[in-house]
Every structure is written in structure tokens, then in C-alpha cells.
Amino acid sequence: MEVVLASSSVDGGIGCWDLHTGAEQLRYKSCLSPSHGLVSVGSRFIASSQLRETSATSGSVLFWSWSKPQVEVKSFPAEPIKPLASNHPGTFIVGGALSGDIYFWEVETGRLLKKWRAHFRAVTCMVFSEDDSLLISGSEDGTVRVWSLFMIFDDFRGQQANNLYEYSFSGHTLRVTDVVIGNGGCNAIIVSASEDRTCKVWSLSRGTLLRNIVFPSVIDSIALDPAEHVFYAGSRDGKIYIAALNAVSVATNNYGMHIIGSFSNHSKAVTCLAYGMSENLLISGSEDGMVRVWNARTRNIVRMFKHAKGPVNNIIVVRRENSSNHISSNVQTSSRKQGANLPPPLEKYANSIDEDSDMSTMVSLVGGSSSVVPQYISSQQISNYIKELQHQGLSAASEMETEKLKHDYQMSMQMTNQWKKMYENLNKFCVQELLDGSQATTLDENQN
Amino acid sequence: MAAFDHFGNMYDVAFKPRLLLSIIRDHIPDEKRAFSSNFQLSKVVSLVKTHSLLSESFLVDSTPPKIIEAWKSAFSSWLNRIFSLLSTSMPDKRWAGISLLGVTCEECSSERFLESYSVWFNKLLAFLQSPADSNLVRVAACASMSDLFLRLGRYPKIKKESSSCAVKVVQPTLKMLTDENSEAIWDAAVHLLCTIATSFPFSIRNHYDSVESAVALKLLSGGCSLDMSKKLIRCIALLPKSKGDTESWSVLMQKILVLINDQLNLAFHGLEEETMRDSVTRLLVLPGKHPPPPLGGYILAEEVRNKASQMTEQSLISNVSALMLGCCLMLTNSYPAKVNVPVRLLLALVERILKVNGSLPQMSLPFMTAKQQENICSELPVLHSSSLELITAIIKCTGSQLLPYAASVVRIITKYFKTCELPELRIKFYSVARDLFITMGAGMALYLAQEVVNNAFTDLNSTEHMDGGILNGSNSNASAGAQQPPSHRKRKHSSATGSLQEHDEGGGSGVEVPKNRPLTPISLRIAALETLEALLTVAGALKSAPWRSKLDSLLIVIATDSFKEGTVSEEPAATVTDLQLAALRTLQASFLSFIRERPPYFSQGLELFRRGKQQTAVPKLAEFCAHALLTLEVLIHPRALPLVDYAYAVNNSSGEAHGSLQHEYSGRSNSTPFGLPQDPPDSDDDLCARWLETGKEDDVSMGKDAENNQKPSEACRDNDPIVLPVHVSSDKERTQMDSEAATPAADVEMKTVEDETNLKLDQPGESVVQFQEPGSCTTNIPLVEAHNGTFDDVVSEKILSGSTVPHNEASHMESDQGNSVNEDFAFASQSNSLWQTTSDSNIFQDFAFKLDHGNPLADEDGFPDIVDGDPDSDSE
């Protein structure tokens, strides 16, 4: 089941719809998410950062399980967190703070594993690379940075190197509004959007700017066509622009270079975009509180979901396993179980990790190796035994054994003979002695 | 049974009961008749299995009841015979009966099994409990019992009953394990315990401690074979499943680790520094916590400790490696609850072991004899090997969560890989590196790449026979390091420019093997190649400049060599093929991971793959080469196909648009300048389209000329509006025209320009004069520049697309004005050719631009909104 989740900066909860049937699912309550602050953690649960007031000195991160509308876990990080991201298996959550720091939590234990200074100003958006080994972050200071997480965790190398980051792209002059990364491992492209009305395409392998696209208006969100033929850019003027990547780009038209076209049905700014994999659906959220589902091919609206009065600012598409947690009224027990499955809250501070104390990692061991799968053995055993019997008659080992026994036998026969001989000799000797003795005595007696 | 009661064929159901009866009659002994031959029994088993004689499976509808009856009775007589065998006093007949009962458990139908398993269970249990029987019988009873439980595990509905059966078995099995003294019996008993622990884990819960101590006793008291101790530790590793909670897993893990640590303390005494030992011990038992009870209980521990002091280093170390296998199994077996894996502790342990290489620290020299050192060194490779396996298990089990520890794993690998010299261990190092690449991705590969490449160079270089002689002198580090021996550099050049012939010429020297350098075993070379393949796959293009070119030249040399090595090598053919496969795989990965430039040895590589494909005698190789040619074809004919099925979209959704446009069209002009071809190339088939275009080139342009000549300006004026952009841009930029079409104004403009162009092209000289007049609207200049720019871009990227149509469509929607897509396309393909002819010469190119400058002048009246959006577009 592919579901669309939408949240807003005004409390309308998190709306959830089945993308294919259009049926509304549970509405998860009390969520005031900033942009890029809604994430599905490995499809296991929903997490969202919260920012009640923009000037607040503290924020929170909330977790919802799929089956319950209420917030189940609340965490209070040390400073307000805006963007959230999670790696694909859902084992880590990263949060970008207003100060420009990035927080790195382990989901299972809630431990704050790392915190590092990433940008000079607030982090606005973050995304994990396809293989989860790189993190790309955009900031209000206009930089986009690529981090190797391995480097982040290698204190030794980190101290040696000048910069923790792999690349720092500073092409944007204003706040970066969105960053996405495409397919292709280390050959992927990164597309970033900024308030300076440009989108820039970067090469991950070369670390260079590949393309700069100037839009008529500020782009707030980007969605990549999965084939990376084009990307869609949701703009503040209410249009969704189509910009060329692999597609043949166009020299001139109404909009500018590389912009192939646009379509629109939004009266107000497009704030967020997402792409539904299974049917080529483009999903857009708008400031008017509507979520529109477009057929990417015909550019017709397929569905519309009314989310809230306020602007929608996050949309994610999540593929959920058609699991046991069907939304029905009588699954109280199972939902309680679900709740128990949620991880503990994220920690506020990193525990000073003593070198000696062992940090253990919570792991679920599933899909064990095949080595332990027991097998039927009786028939195997029969053939083994028969083989053994077969070998008994003719095996070299038994021949050797016989030879050895024969040899032993000979040895002991010799030994016996020797003993026998010795005994006989002794006997003879004794008898002779005795005879001699008696002869002597008789002689003596005779003499006497 | 009637003599002529024939049946259909070998699949006929009627055949099965017959065969079963004959088997019972002829091949199975009974109380009176002895075995005619032992081999008959295996014949029976194979017949029963092949024809599934005990399955009683038939189609209920189509099978006559007579046959069903017959099969049923045959089965009953089979069982009766087994039972009668069980009740004899001859051990070999009882053995046969028990074993056949086990086979029956495996083979019979579900109904039959559920109906009678309890009877069978009781019979088997009796044999397990009677100590009087011969070992053979009891071993068979264990095996059959294990089969029974395995089958029982498949019926969760009767879990309660079957668990209670399982509970009854545990005690007698333990008794066998402790009382008997034959390894065959231990083996069978342990297997039975493992089956129960996997299928009915909770039935052992009450006997947890006794099982643990019984098995641990066998393991630690020594004297059992390596194979046996592996089975024993496997059984221990399964034990926590009987409780199934996080705690008991951790406790067992800690118990094992404590034991390993103790034994290592004894074995490594005097060989290591105290600090290493202390750090592991500190991690092992956290301050303020009690250590867990020792494995197998206190009494056993006492015994073991007493014994251990007298044990030789060999047996100590073989115990340790068995225990480490236990850790690996615990990490990789599935477990119902989440577990806490003490990764840091495990890594510390691994490092402690890898650190010991048998050299004696200065201070302990007086306390150790050379004999002791010899003993320990003889066993160290086993220990190192199991510690590397432990790393592999850690990587497997933690997956992405290894991240916080990844740095220490990499540090361990880089530190000890270099110094390791035994091929077996190096293979393990390679496999760990490979796992790391795949699990941790590009971010990790950035840091481990150089190390792996260095090591792979040392291992693979020795196969470079041609400069082997020179390589001898330089030690392995030098050849792997940044500075390559000059010979290598030379080779790189020669192989870069040259080629297969060169290698073929050198074929004679292929036999030469460096003299004072041991030949790297093929398995090690395969491991090195596979690791390189993983590296190239994950991060072949990411900051790979320092090692990439060296690596590529090495790979092509190895791959080329591999094609002739088969004839001279004395290694078994299979491994040679494996090496060849590994080399070609790596070569393929290296080709595919190029992005900056054409792979330098691409043509040689293709040639190799082609040769490999012809070697049909080695199916694996031919298969892979065929696959490689398929994947590499994309490099030759690059394409970026859009995800959306654009052709489909056109046919479907813009149908009306098409129609209406036709109308509009004919409204504007009644005549189309040239006949529209009715079947434009399929827009989805991009490659095909391109080929068709170039093929058409001549006649189309000629046709066009002809048309133009006939009705020079008027015809052109009414030409399809969208042709021009295609003229100006390359054939790959069809999309352009579509977006041009987005605004009606642009359409008109284009139309006119098109006219001019056509004219111009027909009579170049004139047009230059005509259109070089200034006063052109400046807004159009950017257009030209942009064209130019994109043209270059696109050509260099070699990106093609069939995306024309959807963009069209987009523009239709935007402008609410339909357009005839098919027609567009036809024009595109025709006019493209025009452009192509012109683009050959610079003059013509200039021309086109000039035309663009000129065109607004020429047709000022036709189009109000030329300026639209253009200034923006040239700002980049």
C-alpha cells in the first residue's frame, strides 16, 4: 500500500491517504511541522519535528506509530530542530538545528551519537544518499554540503582533515530550500533549489556544478522523475515547472533555459512535491491546503485531497507493507503492541562516552543464515551406514590395521618364544644346579 | 495381483501401490529373512523418494477408489513390516526399521502423519531410552526422532501436543550425551537437540542449564574432533532461543566472551602487552556489574580451569576458535527478540587476537621457550581466521548500524591487512573489505579504497609475468605504493596504446614465473579481483583519480592474460575459469563505472568479451560474456529513456487535440507544403528514430528543395510553424520546437523563420545579402546563443530522448491550444536532415544565425509577442 502523508505548519494533523484508492486513512493528531520536518522512519513509524513558534528556543520531535492517531513518543532536543531525515532502513535519524548543527541519533536506543557543526546558519533540508553513506544538507547560508557519515564518525581522521565534509557547494546566494539526490550511487546528481530563484544540478562524483537553471519565481520544492529525465520544481507562483535533466533541454521559451514547460492548477504557491513510484504520480502540496495528485504523463489531476486550511508544507509517499496493523476499530491490543514497538525518545545530549564502557548496538536478527535450517537425515544416515559397511571389507585402513595386527602378533610370538627360551634355560640351569648340588651332597655324603 | 493387470505409464497412480508392495516383498527383510544385501536398503529409499510411493497423493476425482484402497493397504503393510522389524532382536534389522520409519516421517502424507505420529514417537522414544541397544540403533533412533520433530514443526496447529512430546525427549537425549562415549552418538544427540531447539524452542526452557552444561562439558573437556566441536557450539548458540528474550542472548554472549578471554589469557601469556588484555577485560565486565556465571556452571568451570592449566596451547586455541564460531552463529542466526550486540567489545577482542603475531616482546624473552613459541605460532592462523570471520558476522548482523564503529573496523583492516602474508587470511581480509564496501557504501569506500588497491596490487602484480623479473627486486610495498616500479609504468603505456597482439606475442614468456617470489594462489587473486569489483561498483568514480588509471591498466592486462593462462597453468581448470570470470567481471565493472571519459581500454575489453562469448565449452564464461556485452552495449549506444511512456500518452490523450489542430491548420492554409508522411518514426524508439533520420537525409532534403522551388515563399509561409527550431538546433533537440510551440506567438515567429531558412538554404548567396541587414530585434539574439549552448551540451552528453511528445503536450495544456504531434514529428525528422546537411560547414552555421537575426525584420507583422521570456533565458 502506498500512502501519501501530508502535514502542515498549522495544526491539521498529519493527513494520510491511500494513493491508489484515495481512501483517507488515520489522521495523526497535533502536528505543527516546519518544512522538511516530516519523515517516515524506515516505514516503521512517522516522525516529525515541531516548531511551535519560530522564535522559540526549544522544539520537539514527535513519533507516531502507524496505528494510533495520538503522539506516542515525545523528544526534546537541546535546540529547535527543523528538517529531519532518516536513512532507508530507518536505523538513524538526523535533525538539522537552527544553529547550523546536525544531530545524529540512533533510532533504536535514542542515543545522540554525534552532533557536528555543519553550517553557519540554520540547516533547512537534508537527504541521505541512495546507499545511506552520504548525507547532503542545505542551509540558510546558501551552502549545500555533502558529508560522508563514515568520516563524521571517525574522530581520528576528522581531527586530521581540514573539513569534515566531502564537498561544499556554495553556488547559491540565498537560503537553500530543497535538496534531492538521484539514482546511480556515486555517479548520482544532486539538485538543489534556493530562494535566489535558481535550481542547480551538481555532480556527486566530480563535485562540480553541472547546470544552473533560473526560474521565474522562487522554487520551494523539487521532485525528481525516477528516470531522471526531468525534474519538477514547485514554485511560489503556483506553477510546477518541468526542468530538463537528461531530457533535451530547450533554448528559449517563456521561462528560460532548460525549463521545458510548466503546469499549474494551484492558485497559491506550491510548497512541496513528491513522486509516487508505482504509477508515475506526482503529488503536490499547496499553500491553499490541498494535496493534488497529478498523472505525470498527462499532467492531469487524478485526485485531490483536502488537508487543512493552512498551507501544506510536507508531503511524503511511503510504501507500507500490507501488514497486520489494518486500521480497524477493534485492534486495541495490537495497537498497544505497536506502541511498545516504538523506540525510546531521542536523547538531548550525547552521553560522554567513556572509552571503556561498551556501547552495544540494538539489532534485530532476522532472516538467519541457512546453516541452521535442520534437514531430514534418516535417509542420509542410511546411506552413510551402508557406505561404512561397504568400506569395511576393502578399505585400505582395515588392511593396514590387519597388517599391523599381524605384525604385532609376530612380535608377541617372538617375545613369547624368547620368554619360553629364557624360561627353559633358567629351568635347565636350576635343574642342573639342583642336580649338581645333590650330586655334590651325595658326593659329600659319600665322602663323609 | 493379476499378472496382466497393466497400468498406464510411470506416472500412473496405479503403478505406485504395486511398486510399493513389490519393494516390501522383495527388498525389505522381515523377522525371518535376513538382509540379502545391505545395498538394497538404499535402493528402497531411493525408489520410495523418486516415485513418492508413500505420499498417497492422487486426484480425488479421477482416481478409482480401488486404487486408493490398494495404496492404503500397501502403506499399511509397509508400516507393519517396519513395526515387525522394530520388534526383532537383531540390531541390524531394528536399525533398518528405525531408519525406514524416519524416511516415512519425511515422506508420508500429512493426514497419515498427523494420524499416527504419536505411535511412531513412542516407538522411537523407547529406543532412545534403552541403554542396552547398540550404538547403531540409538544413532538411528536419534536421526529418525529428529526427522519426526522436523515434520511436526510444520503443523503449528498441534503445537501443544508436539511440544509436550519434545519435552519428553530432552532428558533421554541429554543422558545419551553424558553417558555414552562415542562420537557418533554425540553427533546424533546434538543434532536432535538442535532440531528441537529450532522447531520447538520452548520445550528446552526447563532444561536450559542442564543442556548448556552437558554440551559445554563435551566441548571444553577437549578430545572431540573439530567437526564435533563445531556442532556442539552450534547447539549452544541455539539455546537462547528457548527463552527468546534479549537478556538470555546477552548473558550467553557474555559467558562465551568471558570464556574466550580466559583461555586467551592463558594462551597468550607472555606474548602480548598487558594493556590490550586489560582493555578487553574492562569492556567485558563493566564496572559495578557482576560477571555472569561461567559457561556450563561453576563446577564445570572449575574442572575446565584445572584442566586448562595443563592443556597445550593447541587445544586451548582450538577451543577458542570453536567459541568464536559460536559468537558468529549467535550474531547471524535469527532471533525472536532484539538483541544488544556488544560491538565494541567484539572488535576489541578481534584486535587483541590480530595483534598477536607470535613475536615475543623483549621482556618475556627469558620466560618462554622456543617450543612454546612454536606451539602458539602453529595455531595462530586459525585464530586470526576466526577473528576475521567474527568481523564478517558483525558486519552482517549490524548492517547500517555499524556506522559508529566503521572507523575502527577500517582501522583494524588497514593495520593488519598490510602485514598479513598467508593467502588464506588475505582472502578473508578481502572478503571483509568487500562486505564493508557493499554494506557501508560509497562514503566508506572513499577511505578504504587506497588501502585495498594497494593490497590488490601486491597480490595481482605477481601474475604480471612479463615484468615479473623486474618486479622481483622491488618488494611488494613499493610496487603497491604511490611510486610504481618503472617497469609497471612502461607496461601501462604499452598496453594503453597497444593491445592484444602485444600480449599474444608475449605468449611465450607467459610461463615465466618470478623465481624468488611465491606465485600467488589463484584463489587469492580471485578474492582480490572480486574486492576490486565491489570497490568499482560502489565508488568507481568517486574521488578515484589517484588509483583509477593504474587499476584500469592492471585489469586489462589480467583479463587478457587470463585468456591464455588456461593452456599453461597446471591449476585445475575450474579455478582458472573462476579467475577468468572474476577478471572479466571486474573489467566490466571498471568500464561501467567510468563517467568522465571513455574507458581507455574499451575496445580491447570488448574484444575479450567477444572471445569469451565464443568459448561455449565453458558455459559460465560464455554466459557472462554475453551478459557483459549486453550491458556494455549501453555505453556504445547511450540512451536515457524517459520513464513515462510518451508514445502511449500521445496516442491516448492528445487525440482530440490532434483533430482540432488539423482543423485550425487547414483554416490557416489549405495546402500543406509537402505531403506529410503518415508514419513518423516511433517517437518512443529513440535510437531507431535517429537512425531513420540520418538515413532519410538525402531524399528528404531533396524533396524539400523541390517543394520549395515549386512554391517558393508562399508554401513556406504556410509551413508548419514548428520546423525552424529544429533547423537551428541539432537533430537531438527536437524538444526545443515543442516548447517553442508553447506560445502561439512563438509559433508564428518560427514559422516565418523557417520559411526564410528554407529559402536561404536553397540559395545561400542571395540570402546572405538579404538578411544581413541590421535592425534586427535584439531579443532574438539570445535565442541563437542559447541554441548554440544547448547544442554543445547535448551533443557532448550524448543524451537523446524521445521526450518530444509529452513536452508538446505540456505546452498544449498550457496554451490550451492543441497541436498535431505526429505532424510535428514528421517535420522534425525531415527538417533535421536539413540542418544536418548544413551543419557540416561553418558557413552554413553562420548562416543560420544570421537568419535568426534577420527574421523578425522579414516578417514583422506576423507575431506580436516575440520578446516573451527570452531575456531571462540567456542570463546563464
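In this predicted model, helix 16 (residues 370–398) of chain B packs against helix 18 of chain B at an angle of about 10°, and their axes are 10 Å apart. An angle under 35 degrees counts as roughly parallel, so helix 16 of chain B is roughly parallel to helix 18 of chain B.

**Helix 16 with helix 18 in chain B**

- From helix 16 of chain B, the contact draws on B:Pro381, B:His384, B:Ser385, B:Leu388, B:Glu389, B:Ile391, B:Thr392 and B:Ile395.
- Helix 18 of chain B meets them with B:Leu425, B:Lys428, B:Phe429, B:Ser431, B:Val432, B:Asp435, B:Leu436 and B:Thr439.
- Sorted by class, the residues of this contact between helix 16 and helix 18 of chain B are 8 nonpolar, 5 polar and 3 charged.

**Helix 18 with helix 19 in chain B**

- Helix 18 (residues 423–440) of chain B also packs with helix 19 (residues 442–461) of chain B, at an angle of about 155° and with the axes 10 Å apart.
- Angles over 145 degrees count as roughly antiparallel, and helix 18 and helix 19 of chain B are therefore roughly antiparallel to each other.
- Their crossing, that of helix 18 and helix 19 of chain B, is left-handed.
- On the helix 18 side of chain B you will find B:Arg426, B:Tyr430, B:Ala433, B:Leu436, B:Phe437 and B:Met440.
- Among the residues they meet in helix 19 of chain B are B:Ala442, B:Gly443, B:Leu448, B:Val452, B:Asn455 and B:Asp459.
- The contact of helix 18 with helix 19 in chain B is made up of 11 nonpolar, 3 polar and 2 charged residues.

**Helix 12 with helix 15 in chain B**

- The axes of helix 12 (residues 274–284) and helix 15 (residues 343–355) of chain B come within 9 Å and cross at roughly 160°.
- Helix 12 and helix 15 of chain B are therefore roughly antiparallel, and their crossing is left-handed.
- Helix 12 of chain B brings B:Met276, B:Arg277, B:Val280, B:Leu283 and B:Leu284 to the contact, and the residues met in helix 15 of chain B include B:Arg344, B:Leu345, B:Glu351 and B:Lys355.
- This contact of helix 12 with helix 15 in chain B has 7 nonpolar and 5 charged residues, but no polar ones.

**Chain B as a whole**

- Chain B has 41 helices and 1 strand.
- Of the 876 residues in chain B, 55% are buried.
- Among the contacts in chain B with a separation of 6 or more, 78% are between residues 24 or more positions apart.
- Chain B has an accessible surface of about 36800 Å², and 55% of that belongs to carbon and sulfur atoms.

**Chain A as a whole**

- Chain A comes to 5 helices and 28 strands.
- Buried residues account for 55% of the 448 residues of chain A.
- The accessible surface of chain A is about 19700 Å², with 52% belonging to carbon and sulfur atoms.

- Most residues other than glycine have a negative phi.
- A:Asp132 is not a glycine, yet has a positive phi of about 65°.
- A:Asp132 lies in the loop between strand 11 (123–128) and strand 12 (134–139) of chain A, and is buried, with a relative accessible area of 15%.
- A:Arg197, not a glycine either, has a positive phi of about 70°.
- The loop between strand 16 (189–194) and strand 17 (198–203) of chain A holds A:Arg197, which is partly exposed with a relative accessible area of 34%.

Conventions:
Residues are numbered from 1 along each chain as its sequence is written. Chains are lettered from A and ligands numbered from 1 in the order in which they are written. This is a predicted model: local features need pLDDT of at least 70, side-chain atom pairs count only at pLDDT 80 or more; totals for chains, interfaces and linings use all residues. Side-chain values use heavy atoms; hydrogens and water are left out. Axes are lines fitted to C-alpha atoms, for helices over the stretch in contact, and angles run from 0 to 180 degrees between N-to-C directions. Helices (H or I, at least four residues) and strands (E, at least two) are DSSP runs, numbered from the N terminus. Angles under 35 degrees count as roughly parallel, over 145 as roughly antiparallel, 65 to 115 as roughly perpendicular and the rest as oblique. A crossing is left-handed if the near helix is turned anticlockwise from the far one by less than a right angle, and right-handed if clockwise. Contact means heavy atoms within 4.5 Å. Ala, Val, Leu, Ile, Met, Phe, Trp, Tyr, Cys and Pro count as nonpolar, Asp, Glu, Lys and Arg as charged, and the others, Gly among them, as polar. Buried means under 20% relative accessible area, exposed over 50%, partly exposed in between (1.4 Å probe, protein chains only). Accessible areas come from the Shrake-Rupley method with a 1.4 Å probe; for residues, only the protein chains shown count as cover.
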